[in-house]
Amino acid sequence: MSIWWSLHLRREAASVPLARRLLMGTMETAGVDPDISYDLSVALSEACANAVEHGGESPEGRSAEAFRVTAYLDGEKCRIEVADSGPGFPSGRRRASLRPAPSEAEHGRGLCLIEELADHVQIGNKSGRGGAVVSFDKILKWRKDAPLVAV
């Protein structure tokens with residue numbers, strides 16, 4: 001079984017729950033275990049919130065009004081990618097530089113939370129036109145009554 005979808009969303013806060021609901025509905029319909037679905041939906045929300053907040057003006061001065069979310073449920077794995085057209089991550093950023101934010105901080109927890117909830121995370125910049133890309137994978141577990149279980 002393979003399902004995929006891609007959304008081109010406005011860079012505004014209302015887009016975050018829309019993407020989350022679509023992912024949750026897809027996984028529920030396919031029969032993915034609710035705990036796995038919840039973890040992925042929280043990670044997706046964090047990645048989308050980052051795109052909304054930080055995916056603004058590109059290095060060339062263009063205003064980025066949208067971002068893209070793509071989800072693949074393929075066999076036993078789900079891969080989600082969130083890409084924006086903003087300035088991207090600072091050059092030279094490495095995954096090892098991700099440090100948890102202080103407990104009293106109101107920002108700065110998103111990427112670390114994604115790393116905790118997913119099995120594999122890639123964080124980087126798009127080549128060419130610029131922008132950030134956050135993609136993450138998680139091995140799926142299925143409900144016993146799953147209608148679309150992977151074979």
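Helix axes in this talk are lines fitted to C-alpha atoms over the stretch in contact, and angles run from 0 to 180 degrees between N-to-C directions. With that settled, here is the model. It is predicted, so local features need pLDDT of at least 70, side-chain atom pairs count only at pLDDT 80 or more, and totals for chains, interfaces and linings use all residues. Residues are numbered from 1 along each chain as its sequence is written, and side-chain values use heavy atoms, with hydrogens and water left out.

The overall layout first. The chain has three helices and five strands. Helices (H or I, at least four residues) and strands (E, at least two) are DSSP runs, numbered from the N terminus. In sequence order the pattern reads β-α-α-β-β-α-β-β.

Of the 151 residues in the chain, 43% are buried. For burial I use relative accessible area: buried is under 20%, exposed is over 50%, and partly exposed is in between, with a 1.4 Å probe and protein chains only. The chain exposes about 8600 Å², and carbon and sulfur atoms supply 51% of that area. Those areas come from the Shrake-Rupley method with a 1.4 Å probe; for residues, only the protein chains shown count as cover.

Contact means heavy atoms within 4.5 Å. Among contacts in the chain with a separation of 6 or more, 67% are between residues 24 or more positions apart.

Now the helix pairs. Which way do H2 and H3 run relative to each other? Their axes come within 9 Å and cross at roughly 155 degrees. H2 and H3 are therefore roughly antiparallel, since angles under 35 degrees count as roughly parallel, over 145 as roughly antiparallel, 65 to 115 as roughly perpendicular and the rest as oblique. The crossing of H2 and H3 is left-handed. By convention, a crossing is left-handed if the near helix is turned anticlockwise from the far one by less than a right angle, and right-handed if clockwise. On the H2 side, the residues in this contact are Asp-39, Val-42, Ala-43, Glu-46, Ala-47 and Asn-50; H3 contributes Gly-110, Leu-111, Leu-113, Ile-114 and Leu-117.

As background, an α-helix has 3.6 residues a turn, so residues three or four places apart point the same way.

The other pair is H1, residues 15-30, with H2; the two pack at an angle of about 155 degrees, with axes 9 Å apart. H1 and H2 are therefore roughly antiparallel as well. Here the crossing is right-handed. From H1, Val-16, Ala-19, Arg-20, Leu-23, Met-24 and Met-27 take part, and they meet a set in H2 that includes Tyr-38, Leu-44, Cys-48 and Val-52.

Staying with H3, residues 110-117, its buried residues are Gly-110, Leu-111, Cys-112, Ile-114 and Leu-117. These pack against helix H2 (34-54), strand E4 (120-125) and strand E5 (132-139).

Ala-43 sits in helix H2 and counts as buried because its relative accessibility is 0%. Beyond its neighbours within four places in sequence, Ala-43 is in contact with Ile-114, Leu-117 and Phe-136. From Ala-43 to Arg-20 is 23 residues in sequence and 9.3 Å in space, C-alpha to C-alpha.

On cysteines: Cys-48 is buried, at 0% relative accessible area, and Cys-112 is buried too, at 15%. How many disulfides does the structure hold? Zero, where a disulfide is a pair of cysteine sulfur atoms within 2.5 Å.

Arg-143 is in the segment after E5. Its relative accessible area is 24%, so Arg-143 is partly exposed.

Asn-125 is in strand E4 and is partly exposed, at 41%. Setting aside neighbours within four places, the contacts of Asn-125 are Gly-88, Phe-89, Gly-131 and Ala-132. Asn-125 and Ala-83 are 42 residues apart in sequence, with 8.7 Å between their C-alpha atoms.

Last, Glu-53, which lies in helix H2 and is partly exposed at 47% relative accessibility. The C-alpha atoms of Glu-53 and Ala-13 are 8.5 Å apart, with 40 residues separating the two along the chain.
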